[in-house]
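Reader: Could you walk me through this fold, a few spots at a time? I am new to this.

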Amino acid sequence: MKNLHSAHEAQVSAQPATKLLREVIEQSADYSRMIGAHLDVNATDFEAMEHLIENGPMTAGDLAKAVGISPGSATVMIDRLVAVGHVTRERNPNDRRGVLVAPNPKSVAQAWKHISPLILASEKALADLKPAERKAIELYLTKMLEVYKNAH
């Protein structure tokens with residue numbers, strides 16, 4: 001119970017920027033779930049789609065690593081995504097026995113319909129700031145990324 005109490009005290013005494021970052025993270029997770037619901041996929045499947053949208057076709061093994069699941073679980077996940085039409089399995093041009101998982105362009109367009117307004121709003125919010133303000137935000141976010149990366 002002491003750890004929960006200490007964590008609560010730390011949360012209460014957190015600076016406004018820390019509280020806002022936490023809220024942004026929570027809202028982002030909620031938004032990802034909402035997009036996943038629109039695409040009729042669970043959180044892991046949506047995460048896989050995000051990696052495919054960002055990186056293009058990937059091997060099942062690379063996709064499993066990116067999402068943090070076992071190769072067997074990746075096969076089941078890919079089967080689900082194929083069944084709902086979000087991805088296809090294609091021959092790997094670099095490995096004649098290999099297969100790549102490729103995002104369906106229609107699914108990519110559907111996902112971007114939800115994601116692009118956030119990106120545009122974010123870019124506009126940053127454009128409205130002075131260069132020094134943008135640099136301060138970049139510095140804070142860079143330091144927070146280091147905190148999260150070092151927490152593993």
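Predicted model: local features only at pLDDT ≥ 70, side-chain atom pairs only at ≥ 80, totals over all residues.

Reader: At which residue does helix H6 have its kink?
Author: Helices are DSSP runs of H or I, at least four residues, and strands are E runs of at least two, numbered from the N terminus. A bend is the angle between axes fitted to the seven residues ending at a residue and the seven starting there. In H6, residues 105-127, that gives about 40° shortly before the proline Pro-117, at Lys-113.

Reader: Which residue caps the N-terminal end of H6?
Author: Look for a polar contact, a pair of N or O atoms within 3.5 Å; within protein, one must be able to donate a hydrogen and the other to accept it, and residues adjacent in sequence count only if both atoms are side-chain atoms. Here a side-chain oxygen lies 2.8 Å from the backbone nitrogen of Lys-106. The oxygen belongs to the cap, Asn-104.

Reader: How are H2 and H6 oriented: roughly parallel or roughly antiparallel?
Author: Axes are lines fitted to C-alpha atoms, for helices over the stretch in contact, and angles run from 0 to 180 degrees between N-to-C directions. H2 and H6 pack at about 150°, with axes 10 Å apart. Under 35 degrees is roughly parallel, over 145 roughly antiparallel, 65 to 115 roughly perpendicular, and the rest oblique. So H2 runs, relative to H6, roughly antiparallel.

Reader: Is His-114 buried or exposed?
Author: His-114 lies in H6. Beyond its neighbours within four places in sequence, His-114 is in contact (heavy atoms within 4.5 Å) with Tyr-31, Ile-35 and His-38. Buried means under 20% relative accessible area, exposed over 50%, and partly exposed in between, with a 1.4 Å probe and protein chains only. At 15%, His-114 is therefore buried.

Reader: Which backbone nitrogen does the side chain of Asn-92 reach?
Author: Asn-92 sits in strand S2, residues 87-92. Its relative accessibility is 9%, so Asn-92 counts as buried. At 2.9 Å, its side chain reaches the backbone nitrogen of Asn-94.

Note on methods. Residues numbered from 1 in each chain as written. Heavy atoms only, no water.
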